[in-house]
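Welcome to this structure. Here are a few notes to read alongside the sequence and the 3D view; take them in order and keep the view open.

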Amino acid sequence: MAEICPVCGLPKELCMCEEIAREQQSVTISVDSRRYGKVVTVIDGIDENDIDINDLSKQLKSKCATGGTSKDGRIELQGDHKKKVKAVLEDMGFRTETR
């Protein structure tokens with residue numbers, strides 16, 4: 001028998017919880033300068049309780065072909081990837097704003 005999602009009550013195959021959570025969140029994308037002039041793209045505003053932030057950071061790192069990390073509810077990518085990250089996140093269903 002199929003497992004039932006405790007949040008929405010649908011079977012796990014039809015669960016819409018993560019998609020609904022993506023639509024409700026407003027994600028900000030900014031570029032920060034670090035030591036020695038290194039540039040870092042910072043994705044902030046993702047709720048760790050609703051979205052698997054480690055999986056999302058892994059997908060973004062592979063799409064941008066760069067290194068990075070996820071810590072304290074933020075994803076940091078090495079380099080300036082603001083436009084590419086915005087396009088990828090909007091394709092996934094997130095509402096984004098850039099700074």
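This is a predicted model: local features need pLDDT of at least 70, side-chain atom pairs count only at pLDDT 80 or more; totals for chains, interfaces and linings use all residues.

1. Sorted by class, the contact of α2 with α3 has seven nonpolar, one polar and two charged residues.

2. Now for the geometry of that pair. Two packed helices are described by the angle between their axes and the distance between the axes. Here the axes of α2 and α3 come within 10 Å, crossing at roughly 130 degrees. The crossing of α2 and α3 is right-handed.

3. Stay with α3, which spans residues 82–92, and look at what is hidden there: Val 85, Val 88, Leu 89 and Met 92 are buried. Viewed down the helix axis, the buried residues of α3 fall within an arc of 95 degrees, so they line one face of the helix.

4. What covers the buried residues of α3? The cover includes the helices α1 (17–24) and α2 (53–64), together with the strands β1 (26–33), β2 (39–44), β4 (74–78) and β5 (95–98).

5. Back in helix α2, please have a look at Ser 57. Is Ser 57 buried or exposed? Its relative accessibility is 4%, and the limit for buried is under 20%, so Ser 57 counts as buried. Beyond its neighbours within four places in sequence, Ser 57 is in contact with Ser 70 and Ile 75.

6. Finally, turn to Arg 95 in strand β5. With a relative accessible area of 47%, Arg 95 is partly exposed. Arg 95 and Gln 25 are 70 residues apart along the chain, yet their C-alpha atoms are separated by 6.5 Å. Setting aside residues up to four places away in sequence, Arg 95 touches Arg 22, Glu 23, Gln 24, Gln 25, Ser 26 and Val 27.

Terms used. Residues are numbered from 1 along each chain as its sequence is written. Side-chain values use heavy atoms; hydrogens and water are left out. Buried means under 20% relative accessible area, exposed over 50%, partly exposed in between (1.4 Å probe, protein chains only). Helices (H or I, at least four residues) and strands (E, at least two) are DSSP runs, numbered from the N terminus. The arc is that of the directions from the helix axis to the C-beta atoms. Contact means heavy atoms within 4.5 Å. Axes are lines fitted to C-alpha atoms, for helices over the stretch in contact, and angles run from 0 to 180 degrees between N-to-C directions. A crossing is left-handed if the near helix is turned anticlockwise from the far one by less than a right angle, and right-handed if clockwise. Ala, Val, Leu, Ile, Met, Phe, Trp, Tyr, Cys and Pro count as nonpolar, Asp, Glu, Lys and Arg as charged, and the others, Gly among them, as polar.
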